[in-house]
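Thanks for coming, everyone. Let me put the structure up, and then I'll walk you through a few spots in it.

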Protein chains: 2
Amino acid sequence: MKKDYQPTSAYALQLDAQDKLASFREAFLIDDPNLVYLDGNSLGRLPKAAIARAKQIVEEEWGRDLIRGWNKGWWEAPSRVGDKIGKIIGAGEGQTLVGDTVSLNLFKLATAALMLQPNKTRILTDTFNFPSDLYVLQGIKQNLDNRHEIVLIGARDRDITPDLAALEDAIHEDTALVTLSHVVFKSGYLYDMQRITELAHAKGALVLWDLSHSVGSVPVHLDDCNADFAIGCTYKYLNGGPGAPAFLYVNKSIQEKITSPIWGWWGQKNPFDFDLEYTPAPGAQRFLVGTQPMISLLTMEAALEPTLQAGMDSLREKSILMTDYASYLTSNLLAPFGFSLGSPLDSAQRGSQISIRHEDGYRINRALIEEMNVIPDFREPDNIRLGFAPLYTSFGEVWEGFDRIKRVMEEKRYEKYPKQKLTVT
Amino acid sequence: MKKDYQPTSAYALQLDAQDKLASFREAFLIDDPNLVYLDGNSLGRLPKAAIARAKQIVEEEWGRDLIRGWNKGWWEAPSRVGDKIGKIIGAGEGQTLVGDTVSLNLFKLATAALMLQPNKTRILTDTFNFPSDLYVLQGIKQNLDNRHEIVLIGARDRDITPDLAALEDAIHEDTALVTLSHVVFKSGYLYDMQRITELAHAKGALVLWDLSHSVGSVPVHLDDCNADFAIGCTYKYLNGGPGAPAFLYVNKSIQEKITSPIWGWWGQKNPFDFDLEYTPAPGAQRFLVGTQPMISLLTMEAALEPTLQAGMDSLREKSILMTDYASYLTSNLLAPFGFSLGSPLDSAQRGSQISIRHEDGYRINRALIEEMNVIPDFREPDNIRLGFAPLYTSFGEVWEGFDRIKRVMEEKRYEKYPKQKLTVT
C-alpha cells in the first residue's frame, strides 16, 4: 500500500502503547501487516501454537500412535476441552462439552428441554437470533412435535436493540424455553443474561443462550446466572480454525433430568461394551453422539491458550476501548459520508463488534475487500460489520480501517460495483 | 525385534512380489516397519499427501486466506468431497455429502425415512448392526415418535452369519425402513446389498446401508442396487484421519420427497440471505446442518487419493487374497492353539477383516499390543479382529502377525494378563 495509508493517528498509537495485551498479537500469524482484518468475529486469526499442534496431531499422533491415540488423550478431548472453554464462560467443570456444530447442539438441547416439559408449548425467541437457530427451532416444531408454538418477538430488521419490554412480557407460565443469541450477530447488542434468565426462571421456563458471538469477547457467567443451557462456536473469537467443533453447556442441576434426542455411542454409559441397548452416560456426556473430528478439535484446543492466558476481564476492557473508539470514528470520520452507527452506543450493551450502516454498504464492503486490503463483512440490508478481536487487533489497525473506508468514500471507489446483494450459493 | 521375528514365509513374499498395489504402501507414513498394524479397519494409516494438505490448510488457507477461504473451496467441500466418495461407492454426482458423524447422519436419514411413511411403523435391523446405530434407532423410537417398533433380528452374539431367512421373512408391508451394516463389525460378514434392497423394495420399504466397514474395502454399487440411503465413516479404510467427517447418500429419486428433521443454514436454500424462515436447499444438500470442521474435512479429502487411484476392483482383489490367506493361516498356524475362524469362509460373504476367536482372546490381544508390536483389536466375547487394508498392508505383514500370535501362544505370554474385558471409560 502507498505511504499515505500507514496509520498516522497519534491517538491510536497512544492506545496501542498503553495496551497491556499488545504482545498477544505476536502469538498469531500476521503474514500481511498491511491487511486490516476486522472479521475475527467470523473467523479468528491463526494462533501460532495451532500450527505446531496441528502438525503434531497429524504426523505424531495419527501417523505414529495410530489407533493408540484414542487412549492417549483423544477420547477424553470433548470433556477436557469443554472444561477449558468452561473457564471462559463461567462454567464449573463437568458441564461443558465440545463436539458437533452449534446447530446440532441447539437441536439436542432445545429438544431435550421441550421433552422435559411436556405440558408447556411455547418457545420464545426473537428476530435478532441467528437465523440458523431459528431454522433449527422451526424444524423441531414442524417435524418432531407440532404441538409447539414459536413466539418470535419481532424487532424490525433495522433495529439496533431488541424490544425488551415485548420479550419480557412474552415470558408466560406456558413458556418451555427462552432462547436468544447472547450477542446479536448484526448489531452486536449484548443481552443482560442475568436479568433474562431470572425472568424466565420466575415463570418456570428454561433458558438456552447461544454464545457464538460472545464467547471469548465478553465475560460470560453461566453458573452465576444459573443458565440452564448454552451453545456456541469456537472459530470466531476463540480462534479455533474454520468450522472447529462447537460446544454445549448443561447446568449440573438438570443434567440427570434430561435425555438427548439423539442417542449415540459417545453418549453411552460404557461405549466399549458394545451393548445392544443404550444407557445414557452420566452428566452432560450423554449429549455427545458420534466420533469427533480430532484434527480440528485438538488444533482448536491449542488455539484456546491465548484467550485463557489473557483472561476475559482484560480482553473485555480492551474490547470496550476498541468499540468505543470505532464508534467515535464512525461519528467523526464517516458520518459526513452518510454512515450511521448500527450498534448500541452504550458499551455495556455491546459485544466486540459494531455495524456501520450505509445505503451503499454492500458496494462499499466490496471496494474495501477488493481494493483496500480491508476485510469486514456485510449483512443485509445495509450493515458493514466490523469485528474487533482484542487478542490481535491493534488500535492502529482500527484507525487504518476507518481511514481506508473514508478514502473509499472520498474517491467514490464503490460506485463501480453493482448494487446487488451478496449471495453465495 | 529379534531376528527370528522377521518374515520368512516364502509364500507371503511371493504374494507381495506379485502385488500390483504394492507401491501404494509408499504413499503412507510407515515410521516403524516392524509394527504389524492390523487395525486399519478402525483407523487407517496416515497418507503422506494428508500431511502436506493439513499443513497447507492451516498455514496457507486459514492463516493467510482467513475468512476468504470460504469462497476458495471450503463452502463447497461437503458436496465436492461427497462426489469423490460417490465414485468409491457407486453413486452418481449430487447424492453424496460429507459432514457430521455417522450417527448424526443416521438420525437425520432414518427420521426422514419414517416421516415420509407415516402409516408404516416397523424399523427392521439386526443384532449385527453396529451398536451405535441401534442406539440412534432406539432414541428415535423413544424420544421422537413412540409409534415405531424396532424389529431386531436376533442372531446370537457368537454367530458369524446373520439369520437371513428370519431377516427376509421379517420384511413386511408395514416395514418403513430396513437398515443394516453392509459389513458386520465383528465377523466381517458382507450382506448382499442387491438382494436385501430388492426384497425390501418389493414390500415397499426403504433401505439404509451403513457402509462404515465396507467403504474403501469392498466395491459398493449404491445406484445400481437402487439403495435409498447410505451412511459411512471416512477414517477406516478411507484413511481420512481420526474422527474425520462422515458421509451420507440419498438416492436422487427420493431427494425432493424428504426433509431433514434438523434444519440448519448449511441445508438452507440461500444461506447468506439470512432469511428468518427455513427453505430447504435442493437435493441432498438439505441434510447438511451447521459449519463443518474444515481442517479434518479437507485433510480427509487429500487422503482419498490413494483409494481413488487404486480403484475398488483392484483393492477388492487384493483384499480377498489377504483374507483368504489369513483364514488359511488361522486354520493351519493357530487352530492347534485353540483358535477358530470367526468370519465367513467364503470370501464373497466377507469384508476386508477377519475375526479369530479364542477363549483367552482378550489376554492374547493385550500381549500382542504390549509385547509383540502387533495391533489388532478385541471385541467381546472372544474376537481378535484383524483388519487388512489393501493399500498398505503387505502379505509379509499378515504372515508376521500370525507368526507373532503363534509365538504368544507357544510362550504363553498372555497368561500374565488379567481375564477382564477391555472397557475404556
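Predicted model: local features only at pLDDT ≥ 70, side-chain atom pairs only at ≥ 80, totals over all residues.

So, Pro381(B): you'll find this proline in the loop that runs between strand S12 (377–379) and strand S13 (383–387) of chain B. Pro381(A) sits in the loop between strand S12 (377–379) and strand S13 (383–387) of chain A.

Okay, on to some backbone angles in chain A. Asp100(A) isn't a glycine, yet its phi is positive, about 55 degrees. Look for it in the loop between strand S2 (96–98) and helix H4 (102–116) of chain A. Is Asp100(A) buried or exposed? It counts as buried, because there are 30 C-beta neighbours inside 10 Å, and the cut-off for buried is 20 or more.

Asn226(A) is another non-glycine residue with a positive phi, this one near 60 degrees. It's in the loop between helix H8 (222–225) and strand S7 (229–232) of chain A. With 15 other C-beta atoms within 10 Å, Asn226(A) comes out as partly exposed.

Now let's zoom out to the domains. Chain A is assigned a domain 1, made of 3–34 plus 311–416, and a domain 2, covering 52–308. Taken over C-alpha atoms, the centres of domain 1 and domain 2 of chain A are 30 Å apart. Where they meet, 22 residues of domain 1 of chain A contact 18 residues of domain 2 of chain A. On the domain 1 side, helix H12 (312–334) and strand S10 (353–357) of chain A each put in at least two residues. Which element gives the largest share of that side? That's H12(A), with five residues. By type, the domain 1 side splits into nine nonpolar, nine polar and four charged residues.

Last stop, the two chains together. How many residues of chain B are in contact with chain A? It's 75, and they touch 75 residues of chain A. On the chain B side, helix H2 (48–65), helix H4 (102–116), helix H5 (131–144) and helix H10 (294–303) each supply at least two residues. That side of chain B divides into 40 nonpolar, 24 polar and eleven charged residues.

That's my tour, so over to you for questions.

Conventions: Residues numbered from 1 in each chain as written. Chains lettered and ligands numbered in written order. Contact = placed C-beta atoms within 7 Å. Helix = DSSP H or I, 4+ residues; strand = E, 2+ residues; numbered from the N terminus. Nonpolar A, V, L, I, M, F, W, Y, C, P; charged D, E, K, R; others polar. Buried ≥ 20, exposed ≤ 12 C-beta atoms within 10 Å, placed from the backbone. Domains from an automatic or database assignment.
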